[in-house]
Structure formats: C-alpha cells, structure tokens
Amino acid sequence: MTNPETDDPREALAAAARELADAGLLVGTAGNVSTRLGDDRVLVTATGVVLGRCTADDVVETDLAGTVVSGRLKPTSELTLHLDVYRRTFARACVHTHSPAATAVACAPARFGSMPVLHYQQILLGGEIRVAPYATFGTPELAEHVLAALDGRQAALMAHHGAVALGQDLRSAVDHALLVEWLAELLLRVSQVSEPVPLTEEQQLAVITQALERHYGAVQENP
C-alpha cells in the first residue's frame, strides 16, 4: 500500500484507494473505501472522486449516524452500507469495488449463486462467498441485502454491481478485496473448461487445522 506507515488516517485511506485503483479493482469514480476512526467516527472516500488520484482532502469524516463531522466534500453514495457494516459487525475497514472478475460473477446469479470454495485461501474469507440480491445503489435495501450476505463472512458479492470486503484494518480489507478478485477470476477460468469442484467440508476443516498449527500467513522467525 502506498505510504502504509503514515500516521495520518486520511492519507492511509487515500493510499488504500490508490492501491486498489492501481490493481484495477477501482475504476474512475466507481467504488469506495472506509475505515473506522475510534468508536464513533468513520473515514470514507468522497463521492465523485477519481480513486486512483485520491488524496487526504478527498476523505470525509462522519459519525455513525451519517452526519459529516469534517471534510469539504460529500461522502460516497454508499455511506449507508459502510455505516451499517460498522454498526452491525466487528469490521474496522470496508472496501467496495466494481472489480471486473467479481462483478462478472455477480452479474450471473443464475449460473453462480455463490462463489464455492475452490481454493483453500478462500477460507480466510469465511468460506463460500454469497451473492447479495440486487437493489439500487445507495439504498437501505441494498445495505440490508449485503449485510445478510456478509453474515459470518469477510466478503460478499452484490448482484449486477460488485463486491464488498471487510477487515480488521485497512491492510486486511484491501488484501481481502484483492483475494476476492483473484478467486472470482479462478472461478471464471475453471468454469470455461470444467464444472467447478469445491473443497469438501472435511477438506476445509483440515485446512483450518493446518493453518492454526502452522500459524499460516504470519511472518515467523527461523528457529
């Protein structure tokens, strides 16, 4: 992430938006990023901002009721979704993208009712990734659908719209969004040559056990 060590939470959020844009997950003004600030404040990208050029000045601070506390611009049109995430989950950061592969999967709900666990890394997101039913962007109805799809998960797809990924900080939320896109691309490629075969529950449980025993994903000193 650009400038990941900054002490300025606004710049950290802007850097996250730029990283996601550089990776192709955010295009133009489509998508939004937020992070929780303390117990009752949220930082979120502003509406209409070209996210690949996002700066700290393009970040808005609101309270959990959606009232703007500071910032010169209006917050994203998906503010309701972000605020509902913080009111109803333990997430500390939320990324909403219109990334190509994930959005393609979300545009074919009759073919892909969900994203099955084809690769063990998907277990980091909680398992099968659900597709939330379609609703108009920026509406409470959409937020309700997405929160239901996120139950017990770190990510969800939004039918005919995009994807959402959560994290305990900006770094993990960005990583989860990148993982969702990689998994969606994998699903699309597999579906071109064969019927996807998910990992069984037993195989998934074995992965979880192995990951816990080996502290998978954590940097470790060589003894």
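The largest nonpolar core of this predicted model holds 46 residues, and Leu 20, Val 33, Leu 81, Val 85, Val 146 and Val 164 touch the most other members. A nonpolar core is here a set of buried Ala, Val, Leu, Ile, Met, Phe, Trp, Tyr and Cys residues joined through side-chain atoms within 4.5 Å; buried means under 20% relative accessible area, exposed over 50% and partly exposed in between, with a 1.4 Å probe and protein chains only. Helix α1 (residues 9-22) gives this core its largest share, seven residues. Helices (H or I, at least four residues) and strands (E, at least two) are DSSP runs, numbered from the N terminus. A second, separate core has 19 residues, including Val 105, Ala 106, Ala 159 and Val 180.

Residues are numbered from 1 along each chain as its sequence is written. Because the model is predicted, local features need pLDDT of at least 70 and side-chain atom pairs count only at pLDDT 80 or more, while totals for chains, interfaces and linings use all residues; side-chain values use heavy atoms, with hydrogens and water left out.

Leaving aside neighbours within four places in sequence, Val 164 is in contact (heavy atoms within 4.5 Å) with Leu 81, Cys 94, Val 95, His 96, Val 146, Leu 150, Gln 154, Ala 155, Ala 156 and Met 158.

The axes of helix α2 (residues 79-88) and helix α4 (residues 140-149) come within 9 Å and cross at roughly 40 degrees. Axes are lines fitted to C-alpha atoms, for helices over the stretch in contact, and angles run from 0 to 180 degrees between N-to-C directions. The two helices are therefore oblique to each other; angles under 35 degrees count as roughly parallel, over 145 as roughly antiparallel, 65 to 115 as roughly perpendicular and the rest as oblique. On the α2 side, the contact is made by Thr 80, Leu 81, Asp 84, Val 85 and Arg 88, and on the α4 side by Pro 140, Ala 143, Glu 144, Val 146 and Leu 147.

For α1 and helix α5 (residues 170-193), the axes come within 11 Å and cross at roughly 15 degrees, so this pair is roughly parallel. Ala 12, Leu 13, Ala 16, Glu 19 and Leu 20 of α1 meet Leu 170, Arg 171, Val 174, Ala 177 and Leu 178 of α5.

Finally, Gln 204 lies in helix α6 (residues 201-214) and, at 17% relative accessibility, counts as buried.
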